[in-house]
Structures are given as structure tokens and as C-alpha cells.
Amino acid sequence: MSSRGQYQPMPLSVLLKRESSNEKIEKPEIVHGLASQSKKGEDFTLLKTECQRTMGNGVTTFSVFGLFDGHNGSAAAIYTKENLLNNVLNAIPTDLNTDEWVAALPRALVSGFVKTDKDFHKIGKKSGTTVTFVIIEGWVITIASVGDSECIFDSANGGMYYLSADHRLDCNEEERERITASGGDIGRLNAGCGTDIGPLRCWPGGLCLSRSIGDRDVGEFIVPVPYIKQIKMSTAGGRLIISSDGVWDALSAEAALDCCRGMPPEAAAAQIVKEALQANGLRDDTTCIVIDILPQEKPAAPSPPPKKPVKYLLMSLFRKKPSESFSYKDKEYMEPDVVEELFEEGSALLSERLNTKYPVCNMFKLFMCAVCQIEMKPGEGSSVHAGTSSLVKVCPWDGPFLCSSCQEKKEAMEGKRPSDRHCIDSD
């Protein structure tokens, strides 16, 4: 076991075997709260705590939470809310056990995000949306995100973790380089007389994000490929906060956690939104989801007396430190201070996100498009590695494979063919 204050990754299979070798560990209790103040009516949420899936001869459940912050209208946010989960689940092979299903999630999330974006473009509407999408299976949390609606986790063992990426061009140099290399232009809005104002934007279109779903009036280099992080909590649990930029533009992560400490999720979400509005006013849709992940066997603990503010060390690299946490923290129910990172990947390239290094690649059908899941005859599909430069030699028959339309989308996202979005806009 790693010593306190250090992070040492551990394979998912090892963690799950270690868990199954003990007495049966109950799944956590999931309690959530939602609060929102609307300015434009473009924030939408998905809250599902009893999703069922078949496993062997039985049925098991998992929870899904999503925040969709739309822009240029609400169509993309509504469409994504209604279709993303099904697209993700359809990309997961059937009859998997728990560890296989959890290991398959990162690849399925990439496929689901890209398919949702591709299908939405066919509708012909121009709006776009950020997405922060959380799946909780037992004590494993998997987060996929595009845009700037962020997610943080406060472990009951102590320590705060960033679980999403910020895809605003102002604060992501790697994404700026990717877009300019793919043919996009980045700059601020020119107000005349040589004066540039506002955040960095991608032109054409003027979007200040590098990743989203929708936005068909912007170049294909604004991609729907999500940043994904997967962690396994200790059975002490913790608190998740998912909020739109209306919250994070006003509050730091520490302030959001501190202002609602000891409150149940519903009251906590309302308090965070209240604090954000007091700081900045209602400038944008402001939405917050608070999710408490609690040990089943532990009765609800009373709220603690007020504590002095605790200064957090932000732990984006999963280094942990002692810290006060929520009201339900209790030594006798805690394992050692362990939050294990199982998976993290943020590349925008499908050839890297859908490649054969995934642990369950052999479970995916060979002649099925890895994105849209349509069946293909041998010889019809193109390898996801086609046209890519790699230090590892890849053969044309190495899967996964993409259908012709998904291959065209992949090439457009990588700047290897003209985008068809502008042609559509002229209709």
C-alpha cells in the first residue's frame, strides 16, 4: 500500500479481486441534490440513481449524473441529455461482469460522445453544449467531460480531487496548439482600433471552448472527444460537486466545498448557487449538483460544530493530505487514506482513444464501427489507425474499425480534410 501523501496507481483487476476476496462489500448509498438559477434557460441535468443492467443471471444497478450547459440555444443540450446515455451503453459489449464493464466504460464514453455529436449535426441546428457526465458503479466513479462545467470530489478520507478538464482556450495551451495545427485560428474579439477584448476564441465561429457537442457552425477541430478520469474510492465515500461555469466563475473549489460543509446535498447545492449569485450576480445559467456517496452500514451522522476554514492543497495529480471532510466522516468506518486512479486520458485523437491497448478490446466485435455501432462486412471499414503516424508499426487490418462516415469525421477532426459544417451552414 502506498504511504500517506504518495500516489501509486493500481490496476483495476487487482482492486476488484482484493475487494471480492473479502466479505461482500455493500454498494454505497447515493444521495443527491440539485439547485439552479436560470438566465438563458440553457442548462439541463440528468439524474438517475437506479439504472439497471444485466450481469450473468442477475441484475445490478449504477447511477448516472449529467450536466449539459448549452450555448447558442438549448437544442444540443436537450438532445445530448436524451441520447448520450443510450449511445454510451450501446457501445459496451453485453454480458460483462463488473470489472469488465467498468474497464469498458472509458472507450464506450468516447464512442458515445462522438456518436451523439455526429447524430446531432444531422438535425441541422447550430447550438452546442458542454457535458460533464458521471457514472457511479459501486465505489468506482467514471467522469467524462467536454467544455467548462467542472466536477470535483472531496474524499471522506481527506483530500480534494479535480475530476474534469477545463477546455476553455484561455487556460489550455495544449488545446490551442491542437486547434491551430488543425487549421483553426485563435484570437480575441476585435473591438476596433486594434483593441482585443474578451476571452480567447476559435475562429470561425467565435467559440471560447476547444471541445463540445454540437456547434456545427464551427470547424471540426472543436471536437466532442471527452477527457475521462476514473477513480476508485475507499468505502468511506465522499462528496461530488458538478457545476456549470456560472458557479466556477464566481467560486473556487475550496469555497464551494467550505460554504456547504455539514449540509445535506439538496441544501448544499442551493447554498453553492446562492454563494455564486452573491459573488457575481445572475450573469449566466447557474446550476449545481451535489452527490454524497455514503457507506450503507453507517447511520447518518449529526452535523458537526462550525470549523475554521481549511486551506486545501489541490490534488489534480492525486496526491493526498490530511484534511477535514464532511459530516459523515467517522474513523471507525474508514479504510486507510486511499483514492486510486484507475484511468485518465485526454487526447483528442480517436486513434489513441479507441486503440487496441484497451483492456477489454477483445470483447468488441471486430466488424462493427467503433463509434456508431453499425455492423460492417469484412473489407468495408477503415482501421482507426489509418493515416496516423505512430512509433509502433500498425497494419491496415489492425482494428478497431470505423465506417466511412465516421472515418470522414475522424479525418475532419484531425484537420486532414475540409470540414463540412460550413457547407451545411450555407444551406
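## Overall picture

What percentage of the 427 residues in the protein is buried? In this predicted model, buried residues make up 53% of the protein. The secondary structure consists of 10 helices and 16 strands.

Contacts across the sequence are worth a look too. Among contacts in the protein with a separation of 6 or more, 73% are accounted for by residues 24 or more positions apart. Trp139 is found in the loop between β4 and β5 (140-146), and its relative accessibility of 4% is under the 20% cut-off, so Trp139 counts as buried.

## Helix α2 and its kink

Let us turn to helix α2, which covers residues 75-90. Helix α2 has 16 residues and reaches 23 Å from its first C-alpha to its last, close to the 22 Å expected at 1.5 Å a residue. Along the way there is a kink of about 40 degrees, centred on Asn83.

The buried residues of α2 are Ala76, Ala77, Tyr79, Thr80, Leu84, Leu85, Asn87 and Val88. What lies over them? The cover for the buried residues of α2 includes the strands β2 (43-55), β3 (58-71), β4 (128-137) and β10, together with helix α3 (98-121).

The loop between α2 and α3 holds Asp95. This residue has a positive phi of about 60 degrees although it is not a glycine. Is Asp95 buried or exposed? Its relative accessible area is 62%, over the 50% cut-off, so Asp95 is exposed.

## Where α3 meets α9

How do α3 and α9 cross? The axes of α3 and helix α9 (residues 404-413) come within 12 Å and cross at roughly 100 degrees. That angle falls in the 65 to 115 range, which means that α3 is roughly perpendicular to α9. On the α3 side, the contact is made by Val114, Asp117, Lys118 and His121; on the α9 side, by Ser405, Cys406 and Lys409.

Within α9, the buried residues are Cys406, Gln407, Lys409, Lys410, Ala412 and Met413. Just after α9, Gly415 takes a positive phi of about 75 degrees.

## Helix α7

Helix α7 is made of residues 265-280. Its 16 residues should span 22 Å at 1.5 Å a residue, and its end C-alpha atoms are 23 Å apart, which agrees.

Pro265, Ala268, Ala269, Gln271, Ile272, Val273 and Ala276 are buried in α7. Elements covering the buried residues of α7 include the strands β1 (29-37), β12 (238-243) and β13 (286-294), as well as the helices α5 (245-248) and α6 (253-259). After α7 comes Gly281, with a positive phi near 75 degrees.

## Two buried polar side chains

Asp215 is placed in the loop between β10 (213-214) and β11 (227-232). At 3% relative accessibility, Asp215 is under the 20% cut-off and so counts as buried. Which side chain does the side chain of Asp215 contact? Its partner in a polar contact, at 2.9 Å, is the side chain of His71.

Thr142 lies in strand β5 and also counts as buried, with 1% relative accessibility. The side chain of Thr142 makes a polar contact with the side chain of Gln230 at 2.8 Å. Leaving aside residues up to four places away in sequence, Thr142 touches Leu105, Leu109, Phe133, Val134, Ile135, Ile228, Lys229 and Gln230.

## Backbone points to check

Most residues other than glycine have a negative phi, and most peptide bonds are trans. With that in mind, two further places deserve a glance. Trp203 and Pro204 are joined by a cis peptide bond, with omega about 5 degrees. Pro204 is in the loop between β9 (196-203) and β10.

Gln373, a residue other than glycine, has a positive phi near 70 degrees. The place of Gln373 is in the loop between α8 (350-353) and β15 (382-383).

Definitions and conventions:
Residues numbered from 1 in each chain as written. Predicted model: local features only at pLDDT ≥ 70, side-chain atom pairs only at ≥ 80, totals over all residues. Heavy atoms only, no water. Helix = DSSP H or I, 4+ residues; strand = E, 2+ residues; numbered from the N terminus. Buried < 20%, exposed > 50% of the residue type's maximum accessible area, 1.4 Å probe, protein only. Polar contact = N/O pair within 3.5 Å; in protein donor to acceptor, adjacent residues only side chain to side chain. Expected span 1.5 Å × (residues − 1). Bend = angle between axes of the 7 residues up to and from the residue. Contact = heavy atoms within 4.5 Å. Axes fitted to C-alpha atoms, helices over the stretch in contact; angles between N-to-C directions. Parallel < 35°, antiparallel > 145°, perpendicular 65-115°, else oblique.
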